[in-house]
Amino acid sequence: MSGPEPRIAYLAGRHAEPTALERLFYRLMAVPAFAALVALADRIGLTRRGAVIAIPYGWLVLFCLLPFLIVLKLSFAEAELAQPPYTPLFDWVDGHFRGIRVNIENYRLLFEDDLYWRSYLNSIRIAFTSTLLALAIGLPMAYGMARAPLAWRTPLLMMVILPFWTSFLIRVYAWIGILKNEGLLNGALMQLGLIDQPLVILNTEIAVHIGIVYSYLPFMILPLYANLEKMDWTLLEAAADLGCRPARAFWTITVPLALPGIVAGCSLVFIPAVGEFVIPDLLGGSDTVMIGKTLWVEFFQNRDWPLSSAVAVLLLLALVLPIVLLQRQRARLEAAR
Amino acid sequence: MSAMHASPRKPAEPWNDPAAVPYIRLREVSKAFGPVNAVDRISLDIHRGEFFSLLGPSGCGKTTLLRLLAGFETPTGGVIEIDGTDMSAVPAHRRPVNMMFQSYALFPHMSVAQNIAFGLKQDRLPKADIATRVDEMLGLVQLAKLGDRKPHQLSGGQRQRVALARALAKRPKLLLLDEPLAALDKRLREQTQFELMAVQERLGITFVIVTHDQEEAMTMSSRIAVMDAGHIRQVAPPAEVYEFPNSRYVATFIGDANIFEGRVERAASDSVTIHSAEAGRLFVDRSVASPVDATVWVAVRPEKIAIAAEPPADASVNCVEGTVFDIGYLGDMSIFHVALAGGRRVRVAQANRYRLVDRAITWSDRVWLTWPPGAGVVLLT
Ligand SMILES: Nc1ncnc2c1ncn2[C@@H]1O[C@H](COP(=O)(O)OP(=O)(O)OP(=O)(O)O)[C@@H](O)[C@H]1O
Ligand SMILES: [Mg+2]
């Protein structure tokens with residue numbers, strides 16, 4: 001084909017100036033080791049787009065999957081009075097591989113001894129009610145923040161985040177001073193003459209709930225706020241215009257549209273609350289058995305690393321399952337948008 | 001009422017009937033957003049069954065006025081009455097009003113049919129009734145096949161029609177429409193206009209409609225209000241707004257007008273003679289409440305001016321001479337831009353009554369423009 005040469009560079013096959021990143025890439029390609037690495041990545045079908053996605057996956061493998069595999073391996077070992085306090089999984093004698101010693105006693109014990117079952121169920125129950133409470137408190141707060149005048153929103157957001165600037169341990173510890181029999185709360189109530197006997201709150205499940213709701217409330221509020229802040233409020237006007245009372249409009253318009261935020265907030269509260277150890281230890285009584293505390297006792301008091309590893313593995317499975325389900329639900333919601 | 005009086009025929013123009021009770025009454029209503037007076041002491045009566053249009057440039061307060069009526073804004077002053085009831089204590093969800101939003105405000109998580117059914121559900125209508133009404137509305141806006149779609153799966157014009165259907169579904173006594181047809185193509189717009197007028201006649205709904213389309217306002221309205229920066233400049237039936245604008249603002253906002261400034265030379269009981277520096281002597285066959293020597297303006301619509309290549313027999317009044325410097329061909333009309341001696345430009349519209357092969361008048365021709373005494377309007381402001 002002959003004819004006049006195209007005027008535009010890309011039609012002529014001549015590219016515009018390379019970007020800074022491209023120039024860096026070309027310079028690195030001059031280094032043989034880098035070129036070999038790129039060739040290898042190319043061989044296994046890794047494109048530049050793939051490399052970008054590979055970073056978070058690499059992170060997950062390094063810091064989640066590997067530790068989990070170590071814990072999983074530990075859970076199949078046997079406790080020993082030694083250093084480290086467990087038997088090796090792979091049996092080496094004089095440099096010769098003699099086989100794998102898998103011990104499923106730990107898991108059997110978990111299913112047989114009802115202490116573990118009870119603490120699992122207890123943890124999930126307490127985390128569940130705490131999550132509902134946090135939602136009931138967090139949703140109106142997030143709603144109020146999202147509807148506040150623009151100038152107020154950042155200060156309000158700061159106030160939600162501010163408690164993080166103090167140590168978590170100290171904040172939970174402070175609740176002991178508030179909740180104990182001769183503490184601030186009982187003192188105030190008695191001063192007001194509302195009660196004449198101090199309420200027993202500390203070392204009960206109520207105190208654990210208070211502690212969890214207090215500690216995890218920001219994790220509920222932040223995703224809810226992020227969601228509600230994007231909400232188109234004329235939709236509520238449209239609902240009112242069509243004769244819908246404000247309370248009903250909240251349930252039929254605001255809540256369904258805030259659902260992704262609600263799901264995110266609930267997961268962020270529920271998941272860490274199930275495995276929570278500090279709060280039940282400081283605020284709960286001896287009858288409040290939660291799995292986090294059981295884990296701690298097995299690990300540090302009984303020094304039974306394999307058993308506590310088995311507890312951890314089951315806890316993880318018990319948590320991952322609902323997350324996967326939630327994630328599916330969310331993907332469905334997103335697709336329905 | 002005694003049986004002797006057979007129900008008197010409703011006067012066609014209730015706003016001219018002092019005994020008529022208006023359906024909507026605005027008394028000195030204002031709405032300020034900080035320093036901005038979006039609506040500034042507006043007083044207005046709208047009657048039952050009217051098709052009332054609000055026209056005005058962007059930002060003049062049309063949407064704000066509708067939102068005041070719907071109850072989304074509380075007035076900073078004045079009283080709004082609907083059907084004889086003071087609305088100041090009535091929240092939006094209890095008003096006998098439905099509004100179609102300029103931004104549509106469709107519920108994104110509901111299907112088209114659910115959006116339309118929403119208002120009916122609030123009234124706890126039986127399921128079967130809701131379903132038939134939704135189908136009826138979908139048919140009305142020609143979306144019968146799209147009832148299951150979500151709003152984000154629709155085109156802009158389709159969304160607009162869903163919003164319209166949703167507002168109409170409840171058959172409110174008063175319907176507020178904020179630019180309801182702006183996103184529709186010409187054919188669909190004309191059809192929907194026709195449907196709206198049919199619905200209004202059938203159900204006797206009172207419409208208050210905001211539009212930027214003057215043709216639409218002209219064809220559909222019983223009356224038009226022309227707004228400017230929070231004020232209403234003129235309220236009148238379409239023909240009156242067009243033929244007798246009360247100010248230069250209205251004359252140039254509605255349609256096109258050539259405006260000549262001049263001084264009153266002679267004011268008779270049925271006519272007025274004006275001397276204009278740029279257009280000579282002007283004669284208008286209507287009296288004007290203005291003393292001799294006062295500055296006034298005469299507005300002449302382009303289509304009321306005749307253009308000729310020969311001087312008329314009597315060139316002493318309502319006649320200007322100039323040269324054609326531009327011609328715009330619009331198909332049905334040609335617009336001649338004529339430059340007068342002083343540099344002033346005048347627009348003249350002429351219907352193209354013959355196929356255009358050779359124009360009788362063309363660029364740079366010397367032309368004479370004339371118009372009858374009944375063409376001009378004297379404006380005091
Ligand atoms: N919530 C608000 N806060 C501050 N100013 C507002 C608000 N709503 C409207 N305004 C101002 O009030 C004036 C009137 O606005 P409005 O929306 O009524 O205009 P409009 O006539 O509907 O214009 P358009 O034709 O562009 O829709 C504008 O100057 C606008 O900036
Ligand atoms: Mg508007």
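## Chain B at a glance

A residue is called buried when its relative accessible area is under 20%, exposed when over 50%, and partly exposed in between, using a 1.4 Å probe and protein chains only. By that rule, 48% of the 381 residues in chain B are buried. This is a predicted model, in which local features need pLDDT of at least 70 and side-chain atom pairs pLDDT 80 or more, while totals for chains, interfaces and linings use all residues. Side-chain values use heavy atoms, without hydrogens and water, residues are numbered from 1 along each chain as its sequence is written, and chains are lettered from A and ligands numbered from 1 in the order in which they are written.

Chain B has eight helices and 20 strands, where helices (H or I, at least four residues) and strands (E, at least two) are DSSP runs numbered from the N terminus. Its C-alpha atoms fill a box of roughly 75 × 55 × 50 Å along the principal axes. The accessible surface of chain B is about 18,500 Å², and carbon and sulfur atoms hold 51% of that; such areas come from the Shrake-Rupley method with a 1.4 Å probe, and for residues only the protein chains shown count as cover. Taking contacts (heavy atoms within 4.5 Å) in chain B between residues at least 6 apart in sequence, 65% join residues at least 24 apart.

## Around ligand 1

Let us turn to the first ligand. There are 13 residues around ligand 1, and B:Ser58, B:Gly59, B:Lys62, B:Thr63 and B:Thr64 come nearest; a residue counts as near when one of its heavy atoms lies within 4 Å. The shell divides into four nonpolar, seven polar and two charged residues.

On its own, ligand 1 has 630 Å² of accessible area, and the protein covers 61% of that. Strand 2 (36-46) and helix 1 (62-70) of chain B are the elements that give two or more residues to the shell. Helix 1 gives the most, with three residues.

## The magnesium ion

Which residues coordinate the magnesium ion, ligand 2? They are B:Thr63, through OG1, and B:Gln102, through OE1, at 1.9 to 2.4 Å. B:Thr63 lies in helix 1 of chain B and B:Gln102 in the loop between strand 6 (97-100) and helix 2 (112-122), so the pair ties together parts that are 39 residues apart in sequence. Donors here are N, O and S atoms within 2.8 Å of the metal (3.2 Å for Na, K and Ca), and because water is not among the atoms, sites may look incomplete.

B:Thr63 is partly exposed, with a relative accessible area of 27%, and B:Gln102 is partly exposed at 40%.

Helix 1 of chain B is mostly covered, with eight of its nine residues buried. Among them are B:Lys62, B:Thr64 and B:Arg67, along with B:Leu65 and B:Ala70. Just after this helix, B:Gly71 takes a positive phi of about 95°.

Positive phi values also turn up in residues other than glycine: B:Gln142 is near 60° and B:Glu179 near 50°. B:Gln142 sits in the loop between helix 3 (127-140) and helix 4 (156-169) of chain B and is partly exposed at 42% relative accessibility. B:Glu179 lies in the loop between strand 7 (174-178) and helix 5 (186-203) of chain B and counts as buried at 15%.

## Two buried residues

In strand 17 (residues 333-340) of chain B we find B:Ser334, which is buried at a relative accessible area of 1%. The side chain of B:Ser334 makes a polar contact with the side chain of B:Asn352 at 2.8 Å. A polar contact is a pair of N or O atoms within 3.5 Å; within protein, one must be able to donate a hydrogen and the other to accept it, and residues adjacent in sequence count only if both atoms are side-chain atoms.

Over in chain A, A:Leu283 belongs to helix 12 (residues 278-283) and is buried at 0% relative accessibility.

Terms used: Nonpolar A, V, L, I, M, F, W, Y, C, P; charged D, E, K, R; others polar.
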